[in-house]
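Hi,

Here is the structure I promised to pass on. Have a look at it first, and then read on for my notes.

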Amino acid sequence: MIPIIDRRLLQNVDWTLLVAALGVIGLSATTLATLNVGRTGGGIVARQLLWVAVSALALVLVASLDYRRLVRLGPALYVAGLAGLALVFAFGRSVSGARRWIVLGPVSVQPSELFKLCFLLMVIWLLVARWAQPATLGVLLVLAPIIAVPFVLIVKQPDLGTALLLCPLLVALLVGAGVRLRLLAWMSAAGVAALPLAWVALKEYQRERIMVYLDPVRDPLGSAYNVIQAKIAIGSGQLLGKGVAGATQSRLAFLPERHTDFIFAVFAETWGFVGCLVLLACYALMLLRGFDIAATAREPVGRLVALGATCLLASQILINVGMVTGLLPVVGIPLPFMSYGGSSMLVSMMTLGLMLSVRMRQFQ
Amino acid sequence: MRRGAAPGPARPGLLHRRDSGKQRVMAIAAVCLGAFLVIIGQLWYLQVLEGGHFLDASDKNRIRIRPIAAPRGILFDRHGVPLVDNRPAFTLSLIPREMPREPERREAVLGRVAALLRIPFEELAESIAKVSADSFQPVRVRRGLTLEDTAKIEEWKIELPGVIVEVEPQRTYPSSRFAAHLLGYVREANDEQLKQGRYRRGDMVGQSGLERLLDEFLRGRDGGERIEVDALGRPVRLVQQSEPHPGAEVVTTVDRRIQEAAEAAMQGRAGAVVAMDPRSGDILAIVSTPAFEIDRFTGTIDRAAWLRVVQDPDRPLLNRAIQSQYAPGSIFKIVVTAAGLQEGTLAPMDRIECTGEFRLGAWSFKDWKAGGHGPVDLHRALADSCNIYYYQAGLRIGGAAITKYARAFGLGEATGIDLAGEKAGLIPRAKARRGREAWPAGEVVNMSIGQGQLLVTPLQVARFMAAVANGGVLWKPRLVQRIERPGQGVVWSDPGKVVGHVQLAPIVWAFLRQSLTAVVNDGTGVGARIPGLEIAGKTGTAQMIAHSRADKGQDHAWFAAFAPAHDPEVVVVVLVERGGKGGQVAAPIARKILNAIFFEKVASVVELPG
């Protein structure tokens, strides 16, 4: 029970993974430093680095714990996470029409961010439970309410992006847990059939975003503004980028959310296609290490934890970059390790912590 | 379920074959890598293939063009005194692109502006509805804002995104109605002018008078600033600036002092004054009253005020000096005299006994003076404007000769002055009777005293009088001497143009001059007499044909004069609509003007009792 990191564990730390993450954090800091956001100006870099430090401690803590113990705590964490989501409705702070934050002293926390990890552990706990073997349709039906309740709570904040993020995560875990592919196919078909229902449930602005994704010139100054400005920013970066001084789209604040969800566009404008390749290479390296940990895991729990953690990061990265480059509709998802924001950084680091935890105990 | 998910070795059922789990992880990894490749492909497309296109778009995004209005060229009088000038004025403009996009919020901003400045909301909404909501070009909504209004807008600035106050040069005039018809007003290009494609919305365009005639020269070229702005439209840096090129300077023939004196003399009267230099055809002053308020027409005039002017029964927009046609009245007797003397059908010593009545068949024609003038010769007949004499003389001379000389003096045709809308007047033609040209006697009798079908404009009379003064030279009236562009010198000039000569024997010219001098010295025009100045002139009273039962107050009063009589420097023609008798109404006005021309420039004390 006592989290002691013994020498043997330290020998198996995946340094490549950590270096790749640090690389991204470095790129993030230099990008944030060029943006004059808010009254504090460059102050957001200092804040962000403070969060990096705090998150690094969390990473060490998570990595030092045995992931099996964490999975066993899954149900408890899940209930705590649900409570956090409920609290948002009671005491949450509204920012531009969405209640996503709870103010705790000097910082505001996004429970939906933290909930992603709770959800991950809970689903793994279920999938590896003795009674759930083999994972048949009945088991999946038991899973349904466990997914549905937080999904609805998060959508209602509204935070469609985070809610949708739970879907690829779930699919990846089911695939990794050995659920028969035919069953998965049926489930996917059912999900697609339910899409019209979802359309009715969406908020007006969310529908508009999807329409804009399908037809960007629909409303160039309204909903499509972000998409068009982001595309202009990225495209105008060309092969080698405009450099810090020349990045007018970002510097002159044409890009909305440029330090958070749209930071990739800023980076792309400043450093061009070559810069983007470097950044994406860092991410790809990180994810490949994650998949490697999952593939070489000694036993199923470790495999699922590593796979889930990797897929959580992967889907955030792909959805964010996909949306900023105009491949996907705009949903509010931060780019892990790049976007400004404490909760996101904390959760991303803890996700890395889970991956490390599996790796370090692989050769025990 | 009892122990939860206890960690342990692989159990049957879950990932029974270790390899299968590994394969599935690999499959997911492959899907991820595929997604990465798609993203890289999209980046390649955006940044490398379409990069140049997006670079343009980002430049357009950040660069905003603000026009700097070029000051309109100045119009000067013949002595270099400005007739019109520019002063900085505040203009309320809306920049559609910077205004809120949602209709409700946009309307809220417009509503606030309307309330602050007391402008009808519809006017604002209408002017901004005409342009794209995406446009960076400022839409000029209202010109000539007061300092107070400007302060109000600045005060509410934060609440009024996209609403700015620009400083633009605007026309300013010596007085509210100064030379209104001559100069003309300047207004924003109307829809019709915009269709021609030469103007942009919001351009100030001369709409009448010299401003319209010379618009191309006066307009100048607007400059502009390319400003880099941030997403909120706040200027960050000046990228490029092109200076505005002011419009050309125009030197007119007008003498501002004479123009002002003539306007002052016509105060309260409806009519026209033309002052001309008989030696060059230069227009020294051209006045039409009542005039419109030119300073209110330039800039923003509200609908009600506009309609008030347009529908005014006194028709202040009409330039009576060139656009109104009147019977010349007794002024025409000069033409009849010239025709008779030159053709030999009339001699100075021809005498009649004026009884105050002339009978022609069943008709009876009366003299203006009850009881008649008694015995008169040609000289006295002209000086006293005896109608009975001219009835008889006219019949002897004949309609053909009279109209021939009238045409030679330029009556009945446009003078060709550079102002739009000039009327030609009318000299009647002979009636075709049994294949031959014939003049009905009654018509000739009427024509002999300048009545009947005859119609002339005050400008035609001035040119005709100038020809009498200068011995027969008929000038094209000149308004503009030259146009100079700053830095380029003279780009256009008018050396003056003679369009005709009236051939009369020198003795006939001398006789006319002598008799017309007598008109002012001891004839019908004594009201114009100024001691110390020899003035030649002729009175006229044009009866209103349309109102046969009209009382005397309905007649138009004429007075045409030149001075000094023996070396004429200036012609002054005065017409007062419904003024009454020319000698009593028009002559004193001409006297005031002549007095200003010849004496007030030296000393303003030569106001001697007449």
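In what sense do strand β14 (residues 357–360) and strand β15 (residues 363–366) of chain B pair, and over how many bridges? They run antiparallel, and four bridges link them. The two strands form a hairpin with two residues between them. In the turn, B:Gly361 has a positive phi of about 60°, and B:Leu360 sits opposite B:Trp363 of β15(B). Before you go further, keep in mind that this is a predicted model.

Now the overall picture. Chain A has 17 helices and three strands, while chain B has 21 helices and 25 strands. Of the 364 residues in chain A, 49% are buried; for the 610 residues of chain B the figure is 45%. In chain A, 71% of the contacts with a separation of 6 or more are between residues 24 or more positions apart. The value for chain B is 71% as well.

The cores

The largest nonpolar core has 133 residues, and B:Ala275, B:Ala561 and B:Ile593 are the ones that touch the most other members. Leaving aside residues up to four places away in sequence, B:Ala561 touches B:Val520, B:Ala528, B:Ile535, B:Ala536, B:Gly537, B:Val572, B:Ala590 and B:Leu594. There is also a second, separate core of 111 residues, which includes A:Phe119, A:Leu318, A:Met360 and B:Ile28.

The five-stranded sheet in chain B

This is the part I'd open in the viewer next. Five strands of chain B make an open, antiparallel sheet in the order β12-β11-β25-β24-β23. The edges are β12 (282–289) and β23 (536–542) of chain B; each has a single partner strand, so one side of each has no neighbour in the sheet. On average, neighbouring strands are turned by 5° against each other, direction ignored.

Within this sheet, β11 (residues 271–277) and β25 (residues 570–576) of chain B are joined in the antiparallel sense over six bridges, with B:Val274 opposite B:Val573 of β25(B). Two helices go with the sheet. Helix α20 (residues 506–522) of chain B packs on it, touching β23 and β24 (556–563) of chain B, and its direction makes about 70° with that of β23(B). Helix α21 (residues 582–600) of chain B lies across β11, β23, β24 and β25 of chain B, at about 35° to β24(B).

Two cis prolines are worth checking here. The bond joining B:Thr289 and B:Pro290 is cis, with omega about -5°, and B:Pro290 is in the loop between β12 and α11 (294–297) of chain B. The bond from B:Ala563 to B:Pro564 is cis too, with omega near -15°; B:Pro564 belongs to the loop between β24 and β25 of chain B.

A helix pair in chain A

Helix α8 (residues 160–176) and helix α16 (residues 300–324) of chain A pack at about 145°, with their axes 9 Å apart. The crossing of α8(A) and α16(A) is right-handed. Residues in the contact include A:Leu165, A:Leu169 and A:Leu173 of α8(A), and A:Leu304, A:Cys311 and A:Ile319 of α16(A). By type, the contact residues of α8(A) and α16(A) divide into 10 nonpolar, four polar and one charged.

Other spots in chain B

Helix α16 (residues 387–397) of chain B is mostly covered, with eight of its 11 residues buried. Among them are B:Tyr389, B:Tyr390 and B:Tyr391. After α16(B) comes B:Gly398, with a positive phi near 95°.

B:Arg118 is found in the loop between α3 (103–117) and α4 (121–129) of chain B.

Finally, B:Asn86 in strand β3 (residues 85–94) of chain B is partly exposed, with 18 other C-beta atoms within 10 Å. B:Asn86 and B:Arg171 are 85 residues apart in sequence, yet 4.6 Å apart in space, C-alpha to C-alpha. B:Asn86 also touches other residues, including B:Pro71, B:Arg72 and B:Thr172.

Cheers

How values were computed
Residues numbered from 1 in each chain as written. Chains lettered and ligands numbered in written order. Predicted model: local features only at pLDDT ≥ 70, side-chain atom pairs only at ≥ 80, totals over all residues. Buried ≥ 20, exposed ≤ 12 C-beta atoms within 10 Å, placed from the backbone. Contact = placed C-beta atoms within 7 Å. Core = buried A, V, L, I, M, F, W, Y, C linked by C-beta atoms within 7 Å. Pairing = 2+ DSSP bridges. Axes fitted to C-alpha atoms, helices over the stretch in contact; angles between N-to-C directions. Left-handed = near helix turned anticlockwise from the far one by under 90°. Nonpolar A, V, L, I, M, F, W, Y, C, P; charged D, E, K, R; others polar.
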